[in-house]
Amino acid sequence: MADIKNTSLFFLGTLLMFLTTIKAQKIEIPKGWVEITTDKHQILLHIKYATKDNFTSTRLYPCGRCFLREEVAKALLEVQHALQQKGYGLLLYDCYRPLTIQYKMWNIRPDPHYVANPAKGSMHNRGQAVDLTIVDSEGCPLDMGTPYDFFGKKAHWAYSALPAPIQNHRQMLLRIMKKYGFHPIRTEWWHFSIKHLDNSHLYSWEWDCK
Ligand SMILES: [Zn+2]
């Protein structure tokens, strides 16, 4: 009887250790990554995939947090600092996106025009991309002509049939992001990435919610 009890306790203990390990793995922020927060960096966050207000109409993240590889975070903080000198700041819509979420997105919308195929992965899965805009001193986003994740020509950099103030806002964003090493993509005014890093790895670690 004592043996059975001991064996049960042993299995229970092992199970608890296993569950603790899983939990710990989920919480831990890997080495070489940085979290961007409003408290620490005065950068505003509106992580759209933590809400249903995104093109999938599905809440994909359990909560909105922003993690980036440290070189990317460093460049982003330089952008924020430069904008602050002029009375502006950044608002982030998306940062690192676990590969598991990329698969979910792809299942909802398996169209490479809108979503990176998870087999290849997005720069977001590498912690090297950010989706963002500029806000004024009141925290209001500047008018960029379309909302975030507007999939159409009007969101392209080459789209020129926009009023002058909107073109100026876009150019301001483009100029400052390029100055600190970010590259745009042709079809989304909000998406920028840092390319000169090892991008061979797609990451799947998921953050915990505080
Ligand atoms: Zn993006």
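This is a predicted model: local features need pLDDT of at least 70, side-chain atom pairs count only at pLDDT 80 or more; totals for chains, interfaces and linings use all residues.
Residues are numbered from 1 along each chain as its sequence is written.

**View 1. The whole protein chain.** Here you can find five helices and seven strands. Helices (H or I, at least four residues) and strands (E, at least two) are DSSP runs, numbered from the N terminus. Of the 210 residues, 27% count as buried. A buried residue has 20 or more other C-beta atoms within 10 Å of its own, an exposed one has 12 or fewer, and a partly exposed one falls in between, with C-beta atoms placed from the backbone. Two residues are in contact if their C-beta atoms, placed from the backbone, lie within 7 Å. Among contacts between residues at least 6 apart in sequence, 70% join residues at least 24 apart.

**View 2. The largest nonpolar core.** A nonpolar core is a set of buried Ala, Val, Leu, Ile, Met, Phe, Trp, Tyr and Cys residues joined through C-beta atoms within 7 Å. The largest one has 32 residues, and Ile36, Leu68, Leu92, Cys95 and Val130 touch the most other members. Elements that each supply at least two residues of this core include strand S1 (33-36), helix H3 (70-85) and strand S5 (129-135). Take a look at Leu68: leaving out residues up to four places away in sequence, Leu68 touches Trp33, Val34, Ile36, Ala73, Leu76, Cys95, Tyr96, Gly127 and Val130.

**View 3. Strand S5 and its partners.** S5 is mostly covered, with six of its seven residues buried. Two strands pair if DSSP finds at least two bridges between them. S4 pairs with S5 in the antiparallel sense over five bridges, and Leu90 has Ile134 in S5 as its bridge partner. S5 also pairs with S7 in the antiparallel sense, over three bridges; there, Ala129 has Ser193 in S7 as its bridge partner.

**View 4. Tyr180 in its loop.** Tyr180 sits in the loop between H5 and strand S6 (183-185). Why does Tyr180 count as partly exposed? Tyr180 counts this way because it has 17 C-beta neighbours inside 10 Å. Leaving out residues up to four places away in sequence, Tyr180 touches Ala75, Glu78 and Val79. Tyr180 and Leu76 are 104 residues apart in sequence, yet 7.6 Å apart in space, C-alpha to C-alpha.
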